[in-house]
Amino acid sequence: MELDGGPHAVTLVRDDAEAVTEMVRACELEDGGIAERTLEDTLTVIGRPSFHLADSAIGVRDGDALVAYAALPWSRAADAFVLPSHRGRGIGTALVRWTWDAARALGYPAVGQSVHERAGAAIALLRAHGYELAHTSWILE
């Protein structure tokens with residue numbers, strides 16, 4: 001994955017699970033007002049026998065800080081998160097393209113992405129890359 005200066009793509013390892021979780025939580029809080037991801041959630045995904053960090057996930061670091069993450073947790077689903085402080089720098093676009101390449105390499109015909117309805121920039125990014133609304137999900141309390 002190519003990025004212009006500064007941030008750089010890295011292969012994640014199991015020890016990155018806590019940093020991934022905290023980064024995702026920061027994005028969830030910014031975009032939806034509530035941080036729901038737990039360390040257990042992250043460990044469950046990366047612990048599945050069919051999930052291999054080397055080909056199913058990627059991280060982006062700026063210095064030592066994890067600032068973005070993408071993964072293919074399931075055969076038709078992509079997750080991608082960029083810290084608010086690092087948005088607007090092309091990282092999200094690079095992650096979208098990475099999910100396509102990784103899905104193709106894994107034999108997945110297509111991937112979708114869940115996004116909070118208040119995450120306007122993410123919605124615009126996905127639409128600019130040909131994504132369309134497929135369904136709406138609710139989280140019930």
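## Basis of the model

Because the model is predicted, local features are given only at pLDDT of at least 70 and side-chain atom pairs count only at pLDDT 80 or more, whereas totals for chains, interfaces and linings use all residues. Residues are numbered from 1 along each chain as its sequence is written, and side-chain values use heavy atoms, with hydrogens and water left out.

## Overall fold

The protein chain holds five helices and five strands, where helices (H or I, at least four residues) and strands (E, at least two) are DSSP runs numbered from the N terminus. Read from the N terminus, the order of these elements is β-α-α-α-β-β-β-α-β-α. The radius of gyration is 14 Å, close to the 14 Å that the globule rule gives for 141 residues, so the chain is as compact as a globular protein of that length; the radius is taken over C-alpha atoms, and the rule is 2.2 Å times the number of residues to the power 0.38. Along its principal axes, the C-alpha trace spans about 30 × 30 × 30 Å.

Contact here means heavy atoms within 4.5 Å. Of the contacts between residues at least 6 apart in sequence, 63% join residues at least 24 apart.

## Surface and charge

The accessible surface of the chain comes to about 8,500 Å², and 52% of that surface belongs to carbon and sulfur atoms; the areas come from the Shrake-Rupley method with a 1.4 Å probe, and for residues only the protein chains shown count as cover. Buried residues make up 38% of the 141 residues, with buried meaning under 20% relative accessible area, exposed over 50%, and partly exposed in between (1.4 Å probe, protein chains only).

There are 12 positive and 20 negative side chains, and the centres of the two sets lie 4 Å apart. Lys and Arg count as positive and Asp and Glu as negative, while His and the chain ends are not counted; each charge is placed at NZ of Lys, CZ of Arg, CG of Asp or CD of Glu.

## Nonpolar core

The largest nonpolar core has 34 residues, and those with the most contacts inside it are Leu12, Met23, Phe51, Ala57, Tyr69, Leu72 and Leu95. Such a core is a set of buried Ala, Val, Leu, Ile, Met, Phe, Trp, Tyr and Cys residues joined through side-chain atoms within 4.5 Å. At least two of its residues come from each of α1 (17–32), α2 (39–47), β2 (57–62), β3 (65–74), β4 (77–82) and α4 (91–105), and β3 supplies the largest share, seven residues.

Leaving aside residues up to four places away in sequence, Ala57 touches Leu12, Phe51, His52, Tyr69, Ala70, Ala71 and Trp98.

## Individual residues

Leu53 is found in helix α3 (residues 53–56) and counts as buried at 18% relative accessibility. Beyond residues up to four places away in sequence, Leu53 touches Leu12, Val13, Arg14 and Ile46, and its C-alpha atom is 7.3 Å from that of Thr11, although Leu53 and Thr11 are 42 residues apart in sequence. Ala80, in strand β4, is partly exposed at 26% relative accessibility, and its contacts, with residues up to four places away not counted, are Tyr69, Ala70, Leu95 and Gln113.

Ala122 has its place in helix α5 and is partly exposed at 29% relative accessibility. Glu132 belongs to the segment after α5 (120–128) and counts as exposed at 72% relative accessibility; the C-alpha atoms of Glu132 and Leu66 are separated by 29 Å.
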